[in-house]
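I opened this model to look up a few local features. My notes follow in the order I took them.

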Amino acid sequence: MSAELFVHRSRDITACALYEDGVPTELFAVREEKKAAASGDILIGRVANTDASGTMTFVDIGEEKKAVLFSADRLPGARLSQGDSVLVQIKHEAAGTKGAMLTMHVSFTGKAVVLMPHENFVKLSKNIEDEGRRMRLKALGKSLTDRFGCAFIMRNSAAEMKDDEIFSEAETLFSEWTRIKESAAAVRPPQLIKNADDPVERILKRHDASVVYSDAEGEYPTAAERIKAAAKAACAPRVELECGGYVIEDKTEALTVFDVNSGGSTCGHTEVNLDAARAIMRKLRLENVGGIVIVDFIDMTGDADRERVTALLKRLAKKDSVRVTVYGFTALGLMEIARQRTVSGSAGRLVLENI
């Protein structure tokens with residue numbers, strides 16, 4: 001699979017689109033003047049108050065709406081009182097009437113590893129299936145944990161990297177954590193300590209793009225056009241399938257629904273559904289859909305056909321850079337999927353309005 005990254009930077013916006021085998025699969029965009037805390041930002045906040053049940057702590061992070069720190073996202077044994085300073089990371093950005101969601105379990109993501117300074121374990125990506133590689137990376141992860149006293153998650157890219165490259169990245173991430181602790185001790189809350197990664201770096205950490213095209217300084221002037229094409233695909237409510245069928249997307253506040261239609265296709269229902277499954281999983285990534293997803297596939301008569309569709313969805317879910325759970329078909333024949341929420345807002349609309 002070939003991967004190409006197209007980058008556009010201007011005074012107003014930074015945007016990038018990832019194409020895999022010529023098809024847009026991921027899109028990121030941020031306003032340069034954006035002030036609101038973004039997913040992944042690390043801040044020093046000030047505890048405002050805790051609800052009566054003790055499950056929610058409201059934290060002032062310098063925004064109009066107080067951010068929320070749930071008990072499950074606190075460090076073990078952490079006791080927070082009004083006015084206390086607390087080092088947190090943005091788990092979910094503020095959206096609508098809700099403030100940002102926080103976690104004290106900060107993490108630092110590299111290309112090969114994720115470092116979690118408050119934990120102590122080693123985990124491997126489920127996508128690493130070769131037993132020899134798993135044994136090598138598990139042993140390396142153990143040595144990293146012993147060396148730095150942190151938890152490490154070995155990402156899929158680590159399987160293709162040398163041990164010394166992975167160790168060097170871990171050392172860099174640990175040094176970043178050390179700098180953040182020092183900075184946090186020297187400032188008064190609320191204060192931003194670390195900005196979330198640039199969207200270009202974010203994609204490059206997740207994927208091995210073989211070529212990067214940028215329109216900066218006229219290097220690749222049509223990069224913006226490729227990004228706009230990806231944005232139009234992300235915003236389109238209808239997806240045409242290669243087999244001649246089509247998929248309609250409908251969003252509600254609670255969930256996202258995809259309705260598969262055979263259209264003018266002469267293929268069987270199962271083949272249309274398999275084609276739709278590929279298109280839907282691409283659309284989830286491209287549009288960065290989060291939350292509950294329901295798919296109304298065309299009726300299939302046999303369990304074997306439903307199992308083929310389910311197996312394909314699960315295989316494609318492993319390619320996603322965020323957590324995707326394929327639950328299977330309900331009693332009513334609807335496919336249930338859940339995709340991890342990351343950032344709020346539509347990168348597609350932001351691109352189309354500013355490029």
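Entry 1: I am working from a predicted model. I began with Asp21, which I found in the loop between β2 and β3. Its phi is positive, about 50°, although Asp21 is not a glycine. I then looked up Asn288, in the loop between α5 and β18 (291-296). Asn288 also has a positive phi, near 55°, and is a residue other than glycine. I flagged both since most residues other than glycine have a negative phi, and most peptide bonds are trans.

I checked omega next. The peptide bond joining Pro189 and Pro190 is cis, with omega about -5°. I placed Pro190 in the loop between α2 (163-186) and β13.

**Entry 2: α4 against α5.** How do helix α4 and helix α5 pack? I read an angle of about 115° between α4 (residues 223-235) and α5 (residues 269-287), with the axes 9 Å apart. The two helices are therefore roughly perpendicular to each other, as the class runs from 65 to 115 degrees. I noted the crossing of α4 past α5 as left-handed. On the α4 side, Ala230, Ala233 and Ala234 make the contact. On the α5 side, I listed Lys283, Leu286 and Glu287.

**Entry 3: the faces of α7.** Which residues of α7 are buried? In this helix (residues 347-354), I found Ala347, Gly348, Leu350 and Val351 buried. Looking down the axis of α7, I saw its buried residues fall within an arc of 165°, so they line one face of the helix. Arg349 and Glu353 are exposed on the other side of α7. I then asked what the buried residues of α7 pack against. The partners are β2 (13-20), β3 (23-31) and α4.

**Entry 4: two loop positions.** Is Asp320 buried or exposed? I found Asp320 in the loop between α6 (303-317) and β19 (324-329). Asp320 has a relative accessible area of 11%, so I logged it as buried, the cut-off being under 20%. Leaving out residues up to four places away in sequence, Asp320 touches Arg285 and Arg339.

Ala196 was my last stop. It sits in the loop between β13 (191-194) and α3 (199-206). Its relative accessible area is 19%, so Ala196 is buried too. I took one distance from here: Ala196 and Val23 are 27 Å apart in space, C-alpha to C-alpha. In sequence, Ala196 and Val23 are 173 residues apart.

Notes: Residues numbered from 1 in each chain as written. Predicted model: local features only at pLDDT ≥ 70, side-chain atom pairs only at ≥ 80, totals over all residues. Heavy atoms only, no water. Helix = DSSP H or I, 4+ residues; strand = E, 2+ residues; numbered from the N terminus. Buried < 20%, exposed > 50% of the residue type's maximum accessible area, 1.4 Å probe, protein only. Contact = heavy atoms within 4.5 Å. Axes fitted to C-alpha atoms, helices over the stretch in contact; angles between N-to-C directions. Parallel < 35°, antiparallel > 145°, perpendicular 65-115°, else oblique. Left-handed = near helix turned anticlockwise from the far one by under 90°. Arc of directions from axis to C-beta.
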